[in-house]
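Reader: I am new to reading protein models. Could you take me through this one by question and answer?

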Amino acid sequence: LTSYFATWPWQHWATKRPSAAALCFGEQTFSWTEVAARVDDYAQGLVEQGVKRDQVIAVVAPNSIQVLWLILAIIRVGARYVGLNPRSTQSELDQQLELLHCDYIWYPAKTGHVFEQYQRVRLLPPQQHRLVPVTWQPTRPATLTLTSGSTGQPKAVVHSAQSQLASAEGLLEWMDFSEKDSWLLSLPLFHISGLAIVWRWLYRGARLVVAETAMFDAALAAVTHASLVPTQLQRLLATQKDPDSPSLALKEVLLGGAVIPVSLTDQAEKLGINCWCGYGLTEMGSTVTVKRADASAGVGSVLPNRELTLKDGEILVRGKTLCIGYYRNKTIFPVAEDEWFATKDLGRWLDEELHILGRIDNMFISGGENIQPEEIEKVLLTHPVVKQAFVLPVDDSEFGQRPVAVVETDKALDENLKKGLHSHMEAQVTAFRRPVEYMPLPDTLGGGIKVSRKRLAEWLKKQG
Ligand code: 4YB
């Protein structure tokens, strides 16, 4: 195994380009020397609080510069970082923390949650100056990332620095990201898409921009690079219609996590933003396939350091970016039975590019016919007012199950629009696949980085 750096990546850059700007937070800029010094300080602070190698530290917080310092310091002491979504309910967090058996927890002063059983750590400067006795070992477990899958049962995916640097290396062979460029920390550090930004920054020795929520839009206009889920890009394009909005420095946007409508990338490209359409997953350290946006709805071809094959329509993946395993009961279990990891995603090659057809476990049966919800969602998304669309089954005495559409629209979803949507579908979708009803996506379920189908289904059940 080749290793990317001979020492901690921040130490490498502190030696190579000590005064280059590495990290920007509001008005503050840290050079690589300053980043390396801070990480060592906070790492020493963790050691003084009792943190040891291989221990697990859970962080329940939205993105902030503190969370970034914590992640780097945790890795520096040979411990393991796991981020939890602070918008989860108490019972979800309790379930996740139980799975993780974490040794310590960090959360901001203001929290709506209770974490009585867990010992709290702080981000403290060291009391004594002594170097943390852990050397750079790129293959040791460094981060745990929760992924819920379809069942909603969380799994903790373990990655090493090596697997995530391999992910960064492959992507940056295709996508330009120079030392002078800045990538906004535009996705949560408790999700693989946010962590992947940190590893690309470390791999390249470029600039990372961390913004408070209130400054997010301004920061997004000022950086050169960002990773966005399609709904974030949609929001950005909407703000650009305001003549007072700041002009964009944004050159490259990496999209992923959900279906990326061609109409969306068309609009962004017209504003001069180079859009990259990706398909990725937590187990592979984010992006697996990618392409520059074009007229087709595919997700491009396989990046270096990854391999992909189809088996009975299912996407299987492997390679240097594959995680070490799943963490439970204080043990790391392998993710793949035979070296290939089965994604549960259905895919197809069309003109040398991968197309994602949907998830195997979203499929349902209506009157004896298979229905793949994503197929219907794709058609809904071609309607000009539809911004997000989800098709879910509802129980039906005659058909077993029938499709219902939950949509986010530009205009109010009144009877008129419902009729419009129905005729849009009538023209393109066979009768048994057409939604029997259209409902507005509730605000409480539409935010965040990914809409949970499990939560949507629970909400739908309550609607009667
Ligand atoms: C898709 C999909 C697609 C994933 N079409 N379904 O750095 C990045 O690659 C990045 C940049 C911007 C936004 C997101 C990312 C990601 O990492 C996304 C990775 C991700 O979503 N991981 S996940 O474990 O939470 O979910 C994986 C699942 O998401 C896949 O198994 C697919 O079902 C789905 N998905 N990209 C359609 N382009």
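Reader: How many salt bridges does the count come to?

Author: Side chains of opposite charge can pair when their charged atoms come close. Here a salt bridge is a side-chain nitrogen of Lys or Arg within 4 Å of a carboxyl oxygen of Asp or Glu. The model is predicted, so local features need pLDDT of at least 70 and side-chain atom pairs pLDDT 80 or more, while totals for chains, interfaces and linings use all residues. Residues are numbered from 1 along each chain as its sequence is written, and side-chain values use heavy atoms, with hydrogens and water left out. By this rule, the count is 19 salt bridges.

Reader: How many residues apart in sequence are the parts that glutamate 179 and arginine 17 tie together?

Author: These two side chains form a salt bridge, 3.5 Å from N to O. Glutamate 179 sits in the loop between α5 (161-174) and β9 (182-184), and arginine 17 in the loop between α1 (9-16) and β1 (21-25). Helices (H or I, at least four residues) and strands (E, at least two) are DSSP runs, numbered from the N terminus. The pair therefore ties together parts that lie 162 residues apart in sequence.

Reader: Which strand holds glutamate 307?

Author: Glutamate 307 forms a salt bridge with arginine 318, with 3.0 Å between the closest N and O atoms. The two are eleven residues apart, and arginine 318 is in strand β17 (residues 314-319). Glutamate 307 is in strand β16 (residues 306-311).

Reader: Is aspartate 345 buried or exposed?

Author: Its salt-bridge partner is arginine 359, the closest N and O atoms being 3.1 Å apart. Arginine 359 lies in strand β21 (residues 353-359) and aspartate 345 in strand β20 (residues 341-350), so the pair ties together parts 14 residues apart in sequence. Buried means under 20% relative accessible area, exposed over 50%, and partly exposed in between (1.4 Å probe, protein chains only). Arginine 359, at 25%, is partly exposed, but aspartate 345, at 9%, is buried.

Reader: How many disulfides are there?

Author: A disulfide is a covalent bond between the sulfur atoms of two cysteines. The rule asks for a pair of cysteine sulfur atoms within 2.5 Å. Cysteine 24 is buried at 15% relative accessible area, and cysteine 102 is buried at 9%. The disulfide count is zero.

Reader: Which residue in the turn between β18 and β19 has a positive phi?

Author: Two strands pair if DSSP finds at least two bridges between them. Strands β18 (residues 325-328) and β19 (residues 331-333) pair in the antiparallel sense over three bridges. Tyrosine 327 stands opposite isoleucine 332 in β19. The two strands form a hairpin with two residues between them, and the one with a positive phi, about 50°, is asparagine 329.

Reader: Which residues does glutamine 44 contact, leaving aside its neighbours within four places in sequence?

Author: Glutamine 44 is in helix α2 (residues 32-48). At 3% relative accessibility, glutamine 44 counts as buried. Contact means heavy atoms within 4.5 Å. With those neighbours set aside, the partners are Pro126, Gln128, Arg130, Leu131 and Val132.

Reader: What is the radius of gyration of the protein chain?

Author: The chain has 13 helices and 26 strands. The radius is taken over C-alpha atoms, and the globule rule is 2.2 Å times the number of residues to the power 0.38. For 464 residues that rule gives 23 Å, and the chain is close to it, so it is as compact as a globular protein of that length. The radius of gyration is 23 Å.
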